[in-house]
Amino acid sequence: MSKIDTLWFTRCPVPTATGLAYKLGWFDEEFAADGIKVKTLQDNRELGRHHYDHELSTLIREGGNLFAIPAHGQGASTKLVGLTWIDEWQTILVRPDSGIRSPAELEGKRLALPAYKRADLIENKRGRSIARGMSLAGYKGALASVGLSLDAVKLVEVPNDEGARAEDVGRLWQGIEWLAAGKLDAVYVKGAAAVDAARRFGVVPGIELDKLPEKRFRINNGTPRPITVHDNLINNHFDLLVRFLAQTLRAADWAKSNLQGVHNILKSETRAGSEGVEEAYKDGFHLHLAPDLSDERVELFRQQKDFQLTYGFLDQDFDYDAWIDRRPLEEARKRLDAASAKAAA
């Protein structure tokens, strides 16, 4: 068993307890005595590709499921060790004078569908075209909430930004310009940076998907958001993984009573201004940052796996239940609870 000198983790531009723990310096404190550094994959150009393929054995990947699910389906040796759910301003934008204010009013309308990126088709990594996957899932959920299917709307393919990276969320939604110009009737967007983009183009939220009555209508790339790890990390470095997850759970507990501190950190995490952060993340989101593997989240995530298989983002099905490993998170919670009880004694 080789010694680890660096633990890597992925950090997407969304609220996560992992990102909070990193910003608070708790990973450095936890692993300093072991001589182990904790670094973000996004800060290393050479290794950045592993956010998509999951071939780095010391990676703890917390990110969109449009990468994690297809990677496992294409043979990546991974386990699902946690799921988070953060409603993060999933919205269908419209022009102010459109009259579209409910999912039923989308019927017959022109909806933006970002094109696949050429490289993603050539390399058979279709999940990397996340704007397309998220838009399709967003429309499907909104329409399903009123008993409609995607057949009820006209999907209009819009050019993607070939130069945008997955984390450049403000550049993913190319349809906003077409919407403002009257070429479309609605565009799906997500996240704090999209709030800022909508203001720039003078378009407004017509349908706020976060407010749909049931979570099954809000399932998308980040809802639920998986935490996946390489089999090697579980099999050979289980204790390190548990300690990492314990700090993540600790940060989720900290967030419950530190909303302003969370907002301050999110301004850098989401690459958005104060107004964008406050608009996108509200309604007590900071109370529910902890990952878990509850029956509800596991079943919601199963639906997303089935969606990807149906709509061509996943090549083939796999044994979903066998992919899940509950042990690391259970042990992390047990240790954190014991430490809290000891401190309170």
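## Helix α15

Helix α15, formed by residues 327–344, contains 18 residues and reaches 26 Å from its first C-alpha to its last, close to the 26 Å expected at 1.5 Å a residue. The expected span is 1.5 Å times one less than the number of residues. Helices (H or I, at least four residues) and strands (E, at least two) are DSSP runs, numbered from the N terminus.

This is a predicted model, in which local features need pLDDT of at least 70, side-chain atom pairs count only at pLDDT 80 or more, and totals for chains, interfaces and linings use all residues. Residues are numbered from 1 along each chain as its sequence is written, and side-chain values use heavy atoms, with hydrogens and water left out.

## Crossing of α10 and α15

Two packed helices are described by the angle between their axes and the distance between the axes. The axes of α10 and α15 come within 8 Å and cross at roughly 60 degrees; axes are lines fitted to C-alpha atoms, for helices over the stretch in contact, and angles run from 0 to 180 degrees between N-to-C directions. This angle makes α10 oblique to α15 (under 35 degrees is roughly parallel, over 145 roughly antiparallel, 65 to 115 roughly perpendicular and the rest oblique).

Contact means heavy atoms within 4.5 Å. Among the residues that make it are Phe238, Leu241 and Leu245 of α10 and Pro328, Leu329 and Ala332 of α15.

## Helix α4 and Ile69

The axes of helix α4 (residues 65–73) and helix α13 (residues 295–310) come within 10 Å and cross at roughly 70 degrees. That makes α4 roughly perpendicular to α13. Here Asn65, Leu66, Ile69 and Pro70 in α4 meet Phe301, Gln304, Lys305 and Gln308 in α13.

Ile69 belongs to helix α4 and counts as buried because its relative accessibility is 0%. Leaving aside neighbours within four places in sequence, Ile69 is in contact with Phe301, Gln304, Lys305, Gln308, Leu314, Phe318 and Trp323.

Note on methods
Buried < 20%, exposed > 50% of the residue type's maximum accessible area, 1.4 Å probe, protein only.
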